[in-house]
Amino acid sequence: MNAPIDPKRLLTEQEVAEARGLTVGYLRDDRRGQRQIPFVQAGRAIRYRLLDVDAAIERMVCGRVKK
């Protein structure tokens with residue numbers, strides 16, 4: 001069993017893809033296009049915070065009934 005991931009820790013695209021059921025290709029396409037998922041770039045290194053990824057996924061949910 002994997003230990004919980006700190007939502008503020010910086011993760012690689014591979015770690016994010018595995019943790020959230022996304023593909024690395026989707027993350028790369030998003031960076032080149034719409035940029036819906038925030039990321040951190042330090043030189044050539046790309047990192048994500050699960051906190052940001054989860055918030056972006058929530059914004060993408062369609063068909064919710066508003067209360």
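**Contacts along the chain.** I looked up the contacts (heavy atoms within 4.5 Å) with a separation of 6 or more, and residues 24 or more positions apart account for 43% of them. The model I am reading is predicted, with local features needing pLDDT of at least 70 and side-chain atom pairs counting only at pLDDT 80 or more, while totals for chains, interfaces and linings use all residues. Residues are numbered from 1 along each chain as its sequence is written, and side-chain values use heavy atoms, with hydrogens and water left out.

**Elements and surface.** I read the order β-α-α-β-β-α along the sequence, from 3 helices and 3 strands, which are DSSP runs (H or I of at least four residues for helices, E of at least two for strands) numbered from the N terminus. I noted 21% of the 67 residues as buried, a class that means under 20% relative accessible area, with exposed over 50% and partly exposed in between (1.4 Å probe, protein chains only). The chain exposes about 5300 Å², of which carbon and sulfur atoms supply 52%, by the Shrake-Rupley method with a 1.4 Å probe.

**Helix α1.** I listed E13, V16 and A17 as the buried residues of α1. They lie on the same side of α1 because their arc around the axis is only 100 degrees, taken from the directions from the helix axis to the C-beta atoms. These buried residues pack against β1 (10-11), α2 (24-32), β3 (45-49) and α3 (50-60). Just after α1, I found G21 with a positive phi of about 70 degrees.

**E13.** I then turned to E13, which belongs to helix α1 (residues 13-20) and counts as buried because its relative accessibility is 9%. Its side chain makes a polar contact with the side chain of R28 at 2.6 Å; such a contact is a pair of N or O atoms within 3.5 Å, where within protein one must be able to donate a hydrogen and the other to accept it, and residues adjacent in sequence count only if both atoms are side-chain atoms. Leaving aside neighbours within four places in sequence, I found E13 in contact with V24, L27, R28, R31 and Y48.

**Rings.** I searched the whole structure for aromatic pairs and found 1. The rings of F39 and Y48 have centres 6.2 Å apart and planes at 55 degrees, so this pair is tilted; rings of Phe, Tyr and Trp (its six-membered ring) pair if their centres lie within 6.5 Å, with planes under 30 degrees apart stacked, over 60 edge-to-face and the rest tilted. Y48 is buried at 1% relative accessibility, whereas F39 is partly exposed at 22%.
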